[in-house]
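Subject: Structure handover

Hello,

I am passing this structure on to you. Please look through the sequence and the model first, then read the notes below.

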Amino acid sequence: MENYICIHGHFYQPPRENPWLEAIERQASAQPYHDWNKRITAECYMPNSIARILDDKGRIDRIINNYSRISFNFGPTLLSWMEAEEPETYARILEADIMSRDRFSGHGSAMAQGYNHAILPLCNNRDRLTQVIWGISDFTRRFGRRPEGMWMPETAVDLQTLDVMAQQGIKFVVLAPHQAKNIRKRGESKWQSVADYGIDTGRVYEIELPGGQNMAVFFYNGVISSAVGFQRLLGDGSNFLNRLMGAFSPGRDYSQLVHIAVDGETFGHHHQFGEMALAFVIDKIESDMKVRLTNYGEYLEKNPPSWCAEIWDNSSWSCCHGVERWREDCGCSTGGNPGWRQKWRAPLRRALDELRDRLEPLYASEAGNLFNDPWAARNDYIDLIMDHEPEAAGRFFEAHARRPLDDKERIRALELLEMQRHALLMYTSCGWFFDDLAGIETLQVLQYAGRAIQLAEKLSGKSDIEAPFLETLDEAKSNQPEKGNGRDLYLKHVRPSIIDDPDIAAHYAMRSLFGNFPQRADFYSRVIDCRDMQTVERDGDKLILGSCAITSKITGESSDLDFAAIYQRTAKACLHLKKPEPIDKEYEDARQKKIAEMRGVFEKEQDMTRVFRLMEECFRDGCFELANLIEDERLEIFERIFMAAVTDFRAHARQMFARITPVVELMPGLDMKPMPRFEAIANEHFHFQLLDDFLRRPVLPDAVRSLLKTAECLNIKWQENRLEPEIRSIIETLAREALQSPADTAARHNLTTALRAEKILPFAVNFYETQNHCYALLRNQYPEIKAAADKGDPDAVNSIEELKTLGTLLSIKVDD
C-alpha cells in the first residue's frame, strides 16, 4: 500500500498599491528593497522557483522548481503585481503548475484563494460570493484550468462559506487539525469527538454541507507544520525529512498522507535558505524514499473519503478564539509588543461595515439604471480588473448593460464598480492581524476605504459619507499615543495619498524638466497624451509649457490641462485646468498674452520673480514643488540630476588625477604624504577606472590586476558598497547575453574573462543571478557541444573547456 507526502505553501502578501496610482509606493521598512513585495520575492518567491541542490563539495548540482513538487496557492493580488513587476518568477510559477500535472496524474498543484484574503466567514453573503468567484476567475485565467481546491484565508471557515465554494465547483479545502470537531466512518451514524485525542491527519475527510453537496477536507499535520514554521526545523534538511518520514504509523490499512501546511514565506523569507532545505527534502523523497510525493488533487482521486467530519464554525489556523482576531481584542497578536492591546480592531471593523452598508444601496440604485443585474455585473467585473483593453470592456457591457451605454454612462458604470472593488479590498485580513492600528497594513485598508468614499461622494453628489466613517474611527485608538486615533491616521496618511489628475499632470511636468518624455506615455494608472510641448533653456535653467489629456486606464475618464514647469536651482510646476464649460475668450486671450510675456522674460534673463508671478497667474489651478511629489518621483528626479553631475565629475576627476599624480609621486622621496584631498580625487578616479575595465569587451584580467596594484601603492580604499552592485550588474548582463545567444562564442568568452577578473578583486561579488543564468546555459548547451567534441570537432572541444571553466568559476558542477 503506497504512502504519500504533501507539502503545502500558502504564498501571500496583502495588496499594497496606492489606490489612486494602482502602484506600490516606496516602503522604508522594506529597505534595501523598494517595497515588501520586492523584498519577499527576492528572498522567497524567486528562490523557490530556482532552488539549489548542492553536492558534497558545495557546488550547485541541480536547480529545481520547488513549486512543481509541492502544493501551493498564491494570492491573486500578489500574482497580479508579480505579472507586471517580476515576470520571470511569475512565468516559473505558472510553468510549475503545468509540470505538476505531468507529475501528479493530471492534477495541478496550484490552488485558488479568496480574492484579497478577506476573512470569508465575516463577509456578508454578497461579498463572500464575490470573493470566491473572483478568486476562481483569477486562477482560471492565469493557470488555464479550473481550480480543484481553494485556500481559505487564514483557513477561516464556516459551513456557509464551504457551501458557496462547493456551488462554484471547488472540491477540497485544507484546514488546521484543531478546526475538526467530530468524525465518523461513512455509513455510520454516531459521531466521535476528536477533542481528547485529536484527528488522524493521515486521511481525507468529507463534510456534508447545508446545500446538499459535499466538500473534501484535509486536516494538515499541525505538529510538524508548527516545527517548520516556528521551531527552525528548516535549519537542517535531514531533520526535516526525518520528521516527515517518522510521521507514518505502521500497521494502518489505508494509504497514509503525511502533509503539512505553512506560510510559503517560511521557505526563504522567514528562514534564510529555507527553499534549499525544501528542495533537499523533496529531492530525497523522489529519489530515495519508499513514499511518493503527491498533491491534494491526486491523493483525493486515488483515495476518496471514507470518513466524514464536522468542523468548528468560525474557526481559523491563527486565532485560538476562532475569527475574533479580525474583529475583537481577543488577545491574539504577534507578541512583539508586550502590553499593547488591540481594542482598535472592533471599531475599525464597525467603521468599514457601516461604510459598506452605506455604499450598497447607492451601488444597487445607480448601477441598477445601467446593468441588468448589478451584483452579477460585480461578480464578472474581475474580467475587466484583469484586462482593461477596450475589447474586454465591450464584451463586459454587451453581457451586462441594460441598453447601449454612451461614454459618460460607461465611465459612471466603471466608477460604480471601482467603488465596490475598493469596498472589497478594504477587508483584507492583514488590516487586523498585527499589533497596532498605525501599522502599514491597517493604513492600507484605510486607503481603500478612502478611495471608495471618494468615488461614492462623487457618484452621489453628496459629501456626507466620509464624516460618519471618521466618527466611528475616533473610537479606534493606537497603542502609540503620538499616533492618535483612526481619524488622525486617516487624515495624516490617507488624505495626502489622494492623487487626482492635476497631481498626475504635476508629476509628469516635473519629470519632463529632467528628461525627454514620450508624447504618449503610461504614467501609473493613467495615460498621458501631451500636445504642444515647448521647451526654453538658458544657462542651466529650463522652462516647459504644454497641454495634455489625462485618461484613466480603468474608467476611461479624461481631463485636459495646461501646465508650465520651471527649473532654477529648484523645481516648480503650475497647472491650468481646462474647464469643460465654454471658454471665456477675453480671459483666454489675456492669459495667452501673459504666457508670451513670461516666456520672453525668461528667455532674456530678466526678473525671475516676475516669471514666477506670471506663471502662477496663468496657471492658477494648482502649484506644486518637489516636496509635493511622491517619494518615488522625487528620487527619480534626484537620480537624474545626480547622474548628470556624476558624468561631469567623472571627466573632472580624471583630469585632476592626471594633473596631480606626477607631483604626488615625488612626495614619498621628500618624506611627505599625499594630501587628503588627493586621496579623495584618486579614490573617485580608480572607482571609475575599475568600472570602465569591467565594461570593456572582453574584460582584461591583467588590466584589472595592474589597476589594483597601482591602487594599492596609492593606498586606495575601495568602496565595496558602491562597486559591488555595479560590477554584479555588469556580469549579470554578460551572463544573460550568453544565455540568450547560445551560438555566440564571443558572448561566452566575455563572461568568462569578466569572471576571471572578478576573482582578482579585493571584495566578493554576489553571483546568485549569474549562477542561475549559467546553470541554464550549461544545461542547455553542454550535452550538444559535448557530443560534437566527442566526434573531434575542435571548436566544440574549446567550447567544452570554456564551459567547464565557467562551472569552476561559479561553483557549478559540470559532469560529463
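Is Glu415 buried or exposed? Glu415 counts as buried because its relative accessibility is 5%, where buried means under 20% relative accessible area, exposed means over 50% and partly exposed lies in between, with a 1.4 Å probe and protein chains only.

Before the rest, two points on the source. This is a predicted model, in which local features need pLDDT of at least 70, side-chain atom pairs count only at pLDDT 80 or more, and totals for chains, interfaces and linings use all residues. Residues are numbered from 1 along each chain as its sequence is written, and side-chain values use heavy atoms, with hydrogens and water left out.

Salt bridges

The structure holds 54 salt bridges, a salt bridge being a side-chain nitrogen of Lys or Arg within 4 Å of a carboxyl oxygen of Asp or Glu. One of them joins Glu415 to Lys458, with the closest N and O atoms 2.5 Å apart. This pair links distant parts of the chain, as Glu415 is in helix H14 and Lys458 in helix H16 (residues 440-460), 43 residues apart. Helices (H or I, at least four residues) and strands (E, at least two) are DSSP runs, numbered from the N terminus. Lys458 is partly exposed, at 43% relative accessibility.

Arg421 and Glu22 also meet through their side chains in a salt bridge, at 2.7 Å from N to O. Here too distant parts of the chain are linked: Arg421 is in helix H14 (residues 407-425), Glu22 is in the loop between strand S1 (4-11) and helix H1 (36-49), and the two are 399 residues apart. Arg421 counts as buried at 9% relative accessibility, whereas Glu22 counts as partly exposed at 30%. A network of salt bridges links Glu22, Glu418 and Arg421.

A further salt bridge is formed by the side chains of Glu409 and Arg403, at 2.4 Å from N to O. Arg403 is partly exposed, with a relative accessible area of 37%.

Cavities

Rolling a probe the size of a water molecule over the atoms shows where empty space is left. A cavity is a set of points, on a 1 Å grid over the protein atoms alone, where a 1.4 Å probe fits but cannot get out; lining residues have an atom within 4 Å of a point. Grid points are joined across faces, edges and corners, and a volume is the space filled by probe spheres set on the points. The count comes to three cavities of 30 Å³ or more.

The largest cavity holds about 40 Å³ of space. Its lining includes Phe74, Met111, Gln113, Asp138 and Phe143. Helix H2 (76-85), strand S5 (110-113) and helix H4 (125-143) each supply at least two residues of that lining, and H4 gives the most, with four. The lining residues of the largest cavity divide into seven nonpolar, two polar and one charged. In this division Ala, Val, Leu, Ile, Met, Phe, Trp, Tyr, Cys and Pro count as nonpolar, Asp, Glu, Lys and Arg as charged, and the others, Gly among them, as polar.

Met608

Met608 is found in helix H21 (residues 608-618) and counts as buried at 12% relative accessibility. Met608 and Gln568 are 40 residues apart in sequence and 9.3 Å apart in space, C-alpha to C-alpha.

Regards

Note on methods
On a 1 Å grid over the protein atoms alone, a cavity is a set of points where a 1.4 Å probe fits but cannot get out, and a pocket is an open set with protein on both sides within 12 Å along at least five of seven lines; lining residues have an atom within 4 Å of a point.
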